[in-house]
Amino acid sequence: MVFRHNLSIITGGPGTGKSTILKAVIEAYQRLYPKNIIKLGAPTGKASRRMAETTGIDSAQTLHSLLGLHGEDAGWQKKQELEADLLIVDECSMMDMWLAYQLFSRLKPGTKVLLVGDADQLESVGAGSVFRELIDCGLVPVTVLDQIFRQAKDSLIAHNAKFVKEGKCDLYYGRDFAFIQAESQEEVAELIREVYRNELGQTSMG
């Protein structure tokens, strides 16, 4: 999909393998097109550093740095084409309309763009749910990752997170997911301390 279309999307919740897929895409592209230029970007510094760690490509940057958007004149500066054959942007749910415009208006013809993220997580501070709108428009090829790998398959946390996302209230309770009723903030604080002490004790004994 990524290699066939100029714009494509990979989306999925936490633990569904977005970073693993991303690394595989980069490795495959480098083998197929060893002379082509790959650029990696993300809306924030933390996201770009995480992207560099997971992909092994240290040149991952914030979108502002990648696009040369600096200082008070950011966005009014003369636009220069982004020199990239493949551009991968992670954590796209945080990208607002202004930043998306700055990005797409600087692409050279033929550049392939892969947008990655979780539309239900970390919305943009600025105006516009760009990532969600692109997913819902029906015009962009979208790959949805819906199987959770980061936690055990029998984890109630994983199942319940999916239920909450789907608006379901009938949750599973058990070994790693519980509901503890408390009547006040003080009681909540004490319960948290108690759970922490118990977990700490079990870890120390292990």
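The largest nonpolar core of this predicted model comprises 22 residues, and those with the most contacts inside it are Ile9, Leu87, Val89, Met95, Leu115 and Phe131. A nonpolar core is here a set of buried Ala, Val, Leu, Ile, Met, Phe, Trp, Tyr and Cys residues joined through side-chain atoms within 4.5 Å. At least two residues of this core are supplied by each of helix 3 (63-67), strand 4 (86-89), helix 4 (97-104), strand 5 (112-117) and helix 5 (130-136); helices (H or I, at least four residues) and strands (E, at least two) are DSSP runs, numbered from the N terminus. Helix 5 provides the largest share, four residues. When neighbours within four places in sequence are left aside, the contacts of Phe131 (heavy atoms within 4.5 Å) include Ile9, Ile10, Cys92, Leu115 and Val116. Another core, of 17 residues, lies apart from the largest one, and among its members are Ile10, Val25, Ala60 and Leu86.

Residues are numbered from 1 along each chain as its sequence is written. Local features need pLDDT of at least 70 and side-chain atom pairs count only at pLDDT 80 or more, whereas totals for chains, interfaces and linings use all residues, and side-chain values use heavy atoms, with hydrogens and water left out.

Helix 1 (residues 18-32) and helix 2 (residues 45-55) pack at an angle of about 65°, with their axes 9 Å apart. Axes are lines fitted to C-alpha atoms, for helices over the stretch in contact, and angles run from 0 to 180 degrees between N-to-C directions. Ser19, Leu22, Lys23 and Ile26 of helix 1 make the contact with Met51, Thr54 and Thr55 of helix 2.

Four aromatic pairs were counted. Rings of Phe, Tyr and Trp (its six-membered ring) pair if their centres lie within 6.5 Å; planes under 30 degrees apart count as stacked, over 60 as edge-to-face and the rest as tilted. Phe3 and Tyr29 form a tilted pair, 5.6 Å centre to centre with 45° between the planes. Phe3 lies in the segment before strand 1 (7-12) and Tyr29 in helix 1, so the pair ties together parts that are 26 residues apart in sequence. Phe3 is partly exposed at 28% relative accessibility, whereas Tyr29 is buried at 3%; buried means under 20% relative accessible area, exposed over 50%, and partly exposed in between (1.4 Å probe, protein chains only). Ring pairs also link Phe3, Tyr29 and Tyr33 into a cluster.
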